[in-house]
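Please read them with the structure open.

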Number of protein chains: 2
Amino acid sequence: MKDSKIIDVAQKAKVSPATVSRVLNGSSLVTEKTQKKVLQAIQELNYTPNAMGKQLRSRRTMTLGVVVRDIRVSYNAEIIKGIENMANTLGYKILICDSQNEKEKEVELLSLLQNRTVDGLILVTPQLSDEEITSFADDEYTIGLIGRRIEHPDIPCSFTDNRRIGREVVEHLLEAGHRRMAFLCGFADATDSIERLEGYKEGLAEAGLPFLPELIDNGNFSEDAGYEAFKRIWAGSGEFTAVFAANDEMALGVYKACAELGISIPERMAVVGVDNIRITNYVEPKLSSVEQPLYEMGAALTEKLIGQIKGDEGTGPQLMQIRSTLVIKGSSGKGG
Amino acid sequence: MKDSKIIDVAQKAKVSPATVSRVLNGSSLVTEKTQKKVLQAIQELNYTPNAMGKQLRSRRTMTLGVVVRDIRVSYNAEIIKGIENMANTLGYKILICDSQNEKEKEVELLSLLQNRTVDGLILVTPQLSDEEITSFADDEYTIGLIGRRIEHPDIPCSFTDNRRIGREVVEHLLEAGHRRMAFLCGFADATDSIERLEGYKEGLAEAGLPFLPELIDNGNFSEDAGYEAFKRIWAGSGEFTAVFAANDEMALGVYKACAELGISIPERMAVVGVDNIRITNYVEPKLSSVEQPLYEMGAALTEKLIGQIKGDEGTGPQLMQIRSTLVIKGSSGKGG
DNA sequence: GTTGCCGATGAAATCGATTTCAATATAAAA
DNA sequence: TTTTATATTGAAATCGATTTCATCGGCAAC
């Protein structure tokens, strides 16, 4: 069936396209009688307004772009779900862009804003520099950030207090009797990771313990990276009884390394991760982790961003810090 | 910075919009000199062609819609990744729609095709009936299916031979010495599940074993459902030594139930799932499963669908059956 | 019976690009 | 030098809907 245009409906109903448009958009300036005629015609022709025409005229695509580094990692999937749901309730659609962890691709994707393919863009833990992002926001493009924080009046950000996470984990490990604990960073460019490291340092400082650079290593947030990083540290200075990994993936790598090296968890080595992904509850022992309300972060940011697109000014703070909670499980119980 | 239009570029370069358009689209009918002028003007104005204008005129959105039941489940995420990558290489973007497992929502989403928001729609294990889908395809709308099979000249489908999967798993279990094996179905509407059940029956029949209805139960593909289903069967007729779950999630539910009931895997009970999701390698014992090349399924279908949109006719069969492989792990070793 | 006003409708401009077709300019041929 | 063919360019139509502005009609007020 060929799809019909507004003019077809107009002709069938013996009115002008303008009137049809008014009916479609619920304008009150239409007689009940003509409205009925028009609706009848719409029904008979099985007419659906063409989105492109509508968008061009209204200069709104009702679409949000979402840039993630990899759709498959559950951290991102959960955020996307939150974004998608909120966007949908507010009448928006979402365009997913997987940057494949390439910064170059992220830069490219900003063009979606320039060419007005989307009304706004949500970047999830982006690799772009603060300058690149702010310069875009300054150009009146609508951008929102998840898992990263930039102080800018027009950039809403939704993130967790990573420093607090760092401190809290350290406190937990201290309480469990550990004095020397390693820290595995993630991407060098990830503020998440950097801030968690700072929190780790603060925690140690508060307890009057020294910060030992040899207990720090980093990787790219992947299981393999965690595995390698742990092995490096272990080979360097065997002197530690706990590991705090910047995310669960890396913590899983630690599990693997420990299994290989015959190090038992948690007796000989306590392990704590961040994100509390599903797998943490399937490994033995269950992995202690910090749960971030990812779904809520996605949803909250989306709501704010759409508000901004619609022009709601000053509806609240641009920085939305969301509280995360430490979930203690078998991998970091008392004693050790 | 206000974004500029093609007319602005035209004025700045002292040419007509038509010429600018030609330069933009690499038409060969432009003098090198004017081309230079135009490019110069484009650069100076930092001009980017507006996507909506372009789309309206060309009647192409260069966007594909993807409907999944839940973005978070890794089965879907993997498929989406394949779709996204292929779409991207071919210049397409993807609009993600999470149907929240509601059929009603799926129906709604078909409107994306009607109003031309997308050029084509990919449905991943959809809940819509064959009739609903084919009637849409008959209306010249471009639809593709993943994980489901409909015989229709205009509907490309990418799926695995579920019946074969069923037979193969049964054969494997028979070889390991099992004679009575339970089967846990998934969604009642999922052809995947139904076909696997048929394969299971065929496998039994080939071995001359009877099909026992009391060893069949079903759930909704979730871990909880698997847990409940197993408990029901167990309570009914304790007489079986292996379970074949229609997917890994349900198999994980079986693990949970067995742990509670003190049934050891694989000694007392062998377990096999389907999908070979990541968690299967983190549980103890590792879960035997059937690996489906999800990424490839997504990518292959997308390529075909875009070909169809572009008008490549008859470039191959509409039905793409992709071979899956049984991965035997600890949960179904010999003996039992 | 005019005049004035208001509510319903339509004609036409608009959004921003592409593309057809006609009109140039340029080069080649006579 | 004039004619013809060809290579560039521009004017205007187009995609499909929305929206402004003008118009028409009816009704009330004078």
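**Notes on the model**

1. The lining of the largest cavity draws at least two residues from each of α4 (51-58) and β2 (93-98) of chain A and α4 (51-58) and β2 (93-98) of chain B. Helices (H or I, at least four residues) and strands (E, at least two) are DSSP runs, numbered from the N terminus.

2. This is a predicted model, in which local features need pLDDT of at least 70, side-chain atom pairs count only at pLDDT 80 or more, and totals for chains, interfaces and linings use all residues. Side-chain values use heavy atoms, without hydrogens and water, residues are numbered from 1 along each chain as its sequence is written, and chains are lettered from A in the order in which they are written.

3. The largest cavity has a volume of about 170 Å³. Among its 18 lining residues, A:Q55, A:T63, B:Q55, B:T63 and B:T117 are the closest to its centre. The lining comprises six nonpolar, eight polar and four charged residues. Nonpolar means Ala, Val, Leu, Ile, Met, Phe, Trp, Tyr, Cys and Pro, charged means Asp, Glu, Lys and Arg, and the others, Gly among them, are polar.

4. Chain A superposes on chain B by a rotation of 180 degrees with 0.1 Å of shift along its axis (RMSD 0.1 Å), fitted by least squares on the C-alpha atoms of residues with pLDDT of at least 70 in both. This is the relation of a two-fold axis. In chain A, the C-alpha of A:L95 is nearest the axis, 2.2 Å from it.

Methods
1 Å grid on protein atoms, 1.4 Å probe; cavity = no way out; pocket = protein on both sides within 12 Å on 5 of 7 lines; lining within 4 Å. Points joined across faces, edges and corners; volume = space filled by probe spheres on them.
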